[in-house]
Amino acid sequence: MVSADALRYFLQVARRGRLVSAASALGVDHTTVGRQISRLERDLGYRLFDRSPTGWVLSDAGQRLLPHAEAVDAAVLAATADDHETGQLSGTVRIATPDAFGAFILAPGLGTFREEHPNVDVHIVTSTRNVALSMREFDIAVTLQEPQPRHAIYRRLTDYTLRLYATPEYLAERPPIRDRTDLRDHTLIWYVDDLLDITPLRLPDDILPGHRVSIQTNNVTGHWQAAVAGLGLAPLPRYLGDQDQRLVPVLADTLQIRRTYWLAIPRESARLGRVRALAALLEQIVSDRQDDLFGDARNHHES
């Protein structure tokens, strides 16, 4: 009979694709993981992974086993993760988010959650790449692209808006900007193009198609600080750009871009009390910060 412990090893290798990464997550040596997988394959009578120089990839048989292993793992987690006698939630919630949302919306809003659930650890992983929800690497994901319903329960979390920002000093020293075509005379700051696979973040195509992005960095803090340093124009969420008095919006009346954050929870994680609690917090945070997300409140730029 296959044990739940053996399936736990299988799941970690399936999710991470490497023995060393799986071993780190499990807190064991990678040779132990290798032995467990070999033993599981012998017990089942078929190969679960195809080994290659780039990692361990699920075989067809491994793909068929995956949903059953996830169901067993979810049942074990649901039975042991939360302390039902005391009513206290415990364990870890791993949440994937775009970098701006994770740093400037989620992280500052965790205070109440920590007070109410001190035994729950929150791991925020930010990225400009698509989250592979099918690999079950996260308990919750906030994404910019609408998730696929096959593996996750999802819903629209909130819309938000972005503008172009620069310092007054930069604008005073450069050619005037009256419409979008004038942007060709200016330096644009954005993500590193070949590291970006999220279509909604390809904003330069919406702002001025074909314009060269001269300064590229792979996180929004870099965009923000480059703009503050007077290096050029940076598209920023209004919840970031409107709060910095060193920056002013460019083409404020005509150039505003709307995007959507989606909330996705893998089906097996949705059963966990700590995951539901953090998802509820996300809903509350975005509700409380609607003025920042949309720039509806009058601020120093528009007063």
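The largest nonpolar core of this predicted model has 61 residues, where a nonpolar core is a set of buried Ala, Val, Leu, Ile, Met, Phe, Trp, Tyr and Cys residues joined through side-chain atoms within 4.5 Å. Buried means under 20% relative accessible area, exposed over 50% and partly exposed in between, with a 1.4 Å probe and protein chains only. The residues with the most contacts inside this core are F101, I140, L233, Y239, L278 and L282. Helix 11 (residues 273-288) gives the most to the core, with eight residues; helices (H or I, at least four residues) and strands (E, at least two) are DSSP runs numbered from the N terminus. In soluble globular proteins, nonpolar side chains tend to be buried together.

Leaving out residues up to four places away in sequence, L278 touches V93, I95, L110, F113, V122 and I140, contact meaning heavy atoms within 4.5 Å. A second, separate core has 21 residues, among them L7, Y9, V13 and A14.

Next come the aromatic rings. Rings of Phe, Tyr and Trp (its six-membered ring) pair if their centres lie within 6.5 Å; planes under 30 degrees apart count as stacked, over 60 as edge-to-face and the rest as tilted. The count is eight aromatic pairs. F104 and W224 are edge-to-face, at 5.5 Å centre to centre and 85° between the planes. Y160 and Y261 are stacked, because their centres are 4.2 Å apart and their planes at 5°. Y160 lies in strand 6 (residues 152-166) and Y261 in strand 11 (residues 257-266), so the pair ties together parts 101 residues apart in sequence.

Residues are numbered from 1 along each chain as its sequence is written. Local features need pLDDT of at least 70, side-chain atom pairs count only at pLDDT 80 or more, totals for chains, interfaces and linings use all residues, and side-chain values use heavy atoms, with hydrogens and water left out.
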